[in-house]
Amino acid sequence: MSSEANPFESLREQVDDAAAVVDADPGVIERLQNPERVLETNLTFERDDGTLETVRAYRSQFNGDRGPYKGGIRYHPGVTRDEVKALSGWMAYKCAVVDVPYGGGKGGIAIDPADYSEAELERMTRAFATELRPLIGEDRDIPAPDVNTGQREMNWIKDTYETLENTTAPGVITGKALDSGGSEGRVEATGRSVALSAREAFDWLDRDLAGATVAVQGYGNAGSVAAALLDDLGASVVAVSDSSGGIHDPDGFDPREVKAHKAETGSVTGYAGTEALTNDELLTLDVDCLVPAALENAVDEELAADVDAKLVVEAANGPLTPGADDVLAERDVHVVPDILANAGGVTVSYFEWVQNRQRFSWTEERVNEELERVITDAFDTLVDTYESNDVHNLRTAAYVVGIGRIVDAYDQAGSWP
């Protein structure tokens with residue numbers, strides 16, 4: 001059961017919850033609840049049959065107090081102005097929580113990419129890159145992949161920007177292919193941070209991850225990588241789902257084989273030896289760890305009452321509404337929030353940007369070691385904040401950390417004009 005909750009209002013409520021603990025002027029808090037600017041544009045491009053089509057696109061730049069704006073670009077029919085505003089805010093606080101020197105940004109085009117050919121998607125992407133050109137740059141705003149985008153789209157944006165600017169600037173965007181300046185470990189980074197966050201949470205709660213049951217809602221890049229790495233850590237993945245439905249085997253299955261099945265058939269459904277189930281049924285399974293890895297508002301207040309997991313680790317952005325948070329907190333179900341759990345993507349994007357600026361490449365081993373250090377340090381800070389402040393869940397503690405760091409940067413810079 002997905003909620004119709006406005007994600008931007010959810011973000012504002014989350015900031016409000018943490019503001020009571022942060023020593024900051026109310027005017028500063030209000031500033032930190034709204035984006036600094038939002039681009040809303042209409043992209044007109046040519047279809048393969050020669051006709052013209054116009055689609056709506058957005059880029060929100062939420063806060064730049066700690067560095068350049070940073071955040072993904074998604075292609076999805078549900079993209080709206082309020083959604084990208086919320087996602088850019090979550091990105092600002094995510095970067096602050098893991099202490100990456102970026103602000104928050106997010107963008108998207110309101111389309112279903114399955115409706116377009118590769119050539120049409122390239123023309124559309126290059127039209128968007130042309131509109132973004134005055135806003136983005138290695139020291140201004142650095143986009144990255146998100147839902148339904150990847151290395152291909154990032155390479156197109158990079159090439160368009162470099163061609164128009166008559167320069168070489170690989171750091172203008174991250175999530176690129178390796179030969180175009182991408183980083184080792186970037187594709188797996190979001191799922192890896194989810195698995196690391198789950199490992200740290202189990203340790204904090206004095207529970208054994210080996211043999212723990214896991215359900216993953218959403219089997220794209222983040223969900224499938226997290227499932228595979230949790231399996232490597234000894235957990236038993238018993239259920240996964242995608243937009244077509246889900247599969248369940250209480251004895252567990254090999255998540256990598258399920259990913260191969262999806263690559264071959266287009267869906268996880270129908271995998272041998274499993275029973276079918278809906279996404280809502282998956283979200284309410286009796287498991288040790290639930291990983292929502294699809295879109296925002298997957299669990300609302302009503303559904304949260306039926307969630308039977310002992311721990312929730314958010315791979316998606318905003319998968320729980322504020323009402324769901326309250327219900328789970330009352331039931332003593334801990335939630336590792338998205339702004340930490342899925343921060344691996346932006347962290348390794350930062351590593352990619354650093355490598356691009358230095359014109360020097362790191363090994364995958366170094367990338368993964370640095371990512372593990374960042375996530376484990378951030379988790380320790382999160383727990384310390386949770387245990388030393390009067391906050392009702394880990395999400396509020398994460399916002400206390402993130403807001404505090406942004407407020408410190410704002411205060412140190414001073415207010416001008």
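This is a predicted model: local features need pLDDT of at least 70, side-chain atom pairs count only at pLDDT 80 or more; totals for chains, interfaces and linings use all residues.
Biologist: What makes the protein a match for a compact globule?

Modeller: With 417 residues, a compact globule would have a radius of gyration near 22 Å, and because the protein has 20 Å, the two agree. Along its principal axes the C-alpha trace spans about 55 × 55 × 40 Å, and 59% of the 417 residues count as buried. Of the contacts with a separation of 6 or more, 69% are accounted for by residues 24 or more positions apart. The protein exposes about 16400 Å², of which carbon and sulfur atoms supply 43%.

Biologist: Why is Lys106 called buried?

Modeller: The term applies under 20% relative accessible area, and Lys106 has 3%, so Lys106 is buried. Leaving out residues up to four places away in sequence, Lys106 touches a set that includes Tyr58, Arg59, Ser60, Gly71, Gly72, Asp146 and Asn317, and Val84, Leu87, Ser88 and Met91 are also among the residues touched by Lys106.

Biologist: How do you know that both faces of β4 are covered?

Modeller: In a regular strand the side chains alternate between the two faces of the sheet, so each face has to be examined in turn. On one side of β4 lie Gly104, Lys106 and Gly108, on the other Gly105, Gly107 and Ile109, and all of these are buried. The count for the strand is therefore six buried residues of six, each under the 20% cut-off.

Biologist: What makes β2 and β3 partners of β4?

Modeller: Two strands pair if there are at least two bridges between them, so the bridge counts decide the matter. Strand β2, residues 52-63, is joined to β4 by six bridges, and these two strands run antiparallel; within this pair, Arg59 stands opposite Gly107. Strand β3, residues 69-75, is joined to β4 by three bridges, and here the strands run parallel, with Gly108 in β4 as the bridge partner of Arg74. From β3 the chain crosses through helix α3, residues 81-97, to β4, in a β-α-β crossover that is right-handed.

Biologist: Why is Ser60 called buried?

Modeller: Ser60 has a relative accessible area of 0%, which is under the 20% cut-off, and is therefore buried. Ser60 is found in strand β2, and the residues it touches, not counting those up to four places away in sequence, include Gly104, Gly105 and Lys106. Pro35, Arg37, Val38, Val84, Lys85 and Ser88 are also touched by Ser60. Although Ser60 and Gly104 are 44 residues apart along the chain, their C-alpha atoms are separated by 8.3 Å.

Biologist: What covers the buried residues of helix α11?

Modeller: The buried residues in α11, which comprises residues 322-330, are Pro322, Gly323, Ala324, Asp325, Val327 and Leu328. Their cover includes helices α1 (7-19), α10 (301-304) and α15 (394-413), together with strands β11 (311-313) and β12 (334-336). Just after α11, Asp332 takes a positive phi of about 60 degrees.

Notes:
Residues are numbered from 1 along each chain as its sequence is written. Side-chain values use heavy atoms; hydrogens and water are left out. Buried means under 20% relative accessible area, exposed over 50%, partly exposed in between (1.4 Å probe, protein chains only). Contact means heavy atoms within 4.5 Å. Helices (H or I, at least four residues) and strands (E, at least two) are DSSP runs, numbered from the N terminus. A crossover is right-handed if, with the strands pointing away from the viewer, the path from the first strand over the helix to the second runs clockwise. The radius of gyration is taken over C-alpha atoms; the globule rule is 2.2 Å times the number of residues to the power 0.38. Accessible areas come from the Shrake-Rupley method with a 1.4 Å probe; for residues, only the protein chains shown count as cover.
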